[in-house]
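Please open the structure in a viewer and keep the sequence at hand.

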Amino acid sequence: MGRTDEELVEACQGGVASAFDVLVGRWEDRIRGAAFRFLGSEEEARGVAQEAFLKAYRSLAGFKREARFSSWLYQ
């Protein structure tokens with residue numbers, strides 16, 4: 001069975017950058033879909049999703065498991 005989101009975040013925090021690729025693959029379509037529903041443009045939604053993942057990657061050190069990764073990502 002695959003690792004949970006939170007286990008992948010822990011791996012990222014421990015320096016395993018490839019774990020973030022797994023998280024992106026797992027959540028990219030859903031984040032892009034949510035952005036598309038707000039923006040109505042596929043191109044803009046891709047850009048917003050990319051920015052969201054970039055911000056998440058830069059902020060991973062602050063993830064403290066007080067919420068699920070998915071909730072934290074959507075915020």
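**First selection: helix 2 and helix 3**

Select Phe20, Leu23, Val24, Trp27, Glu28, Ile31, Arg32, Ala35, Phe36 and Leu39 in helix 2; they meet Glu42, Glu44, Ala45, Arg46, Val48, Ala49, Ala52, Phe53, Ala56 and Tyr57 in helix 3. Contact here means heavy atoms within 4.5 Å. The residues of this contact comprise 15 nonpolar, no polar and 5 charged. Ala, Val, Leu, Ile, Met, Phe, Trp, Tyr, Cys and Pro count as nonpolar, Asp, Glu, Lys and Arg as charged, and the others, Gly among them, as polar.

This is a predicted model, in which local features need pLDDT of at least 70 and side-chain atom pairs count only at pLDDT 80 or more, while totals for chains, interfaces and linings use all residues. Residues are numbered from 1 along each chain as its sequence is written, and side-chain values use heavy atoms, with hydrogens and water left out.

Now show helix 2 as residues 18–39 and helix 3 as residues 42–59: they pack at an angle of about 135°, and their axes are 8 Å apart. Helices are DSSP runs (H or I, at least four residues), numbered from the N terminus. Axes are lines fitted to C-alpha atoms over the stretch in contact, and angles run from 0 to 180 degrees between N-to-C directions. Helix 2 and helix 3 are therefore oblique to each other (angles under 35 degrees count as roughly parallel, over 145 as roughly antiparallel, 65 to 115 as roughly perpendicular and the rest as oblique).

Next, select helix 1, residues 5–13, which packs with helix 2 at an angle of about 145°, the axes being 8 Å apart. On the helix 1 side, Asp5, Leu8, Val9, Ala11 and Cys12 meet Ala19, Phe20, Val22, Leu23, Arg26 and Trp27 in helix 2. This contact has 9 nonpolar, no polar and 2 charged residues.

Conventions. Helices (H or I, at least four residues) and strands (E, at least two) are DSSP runs, numbered from the N terminus.
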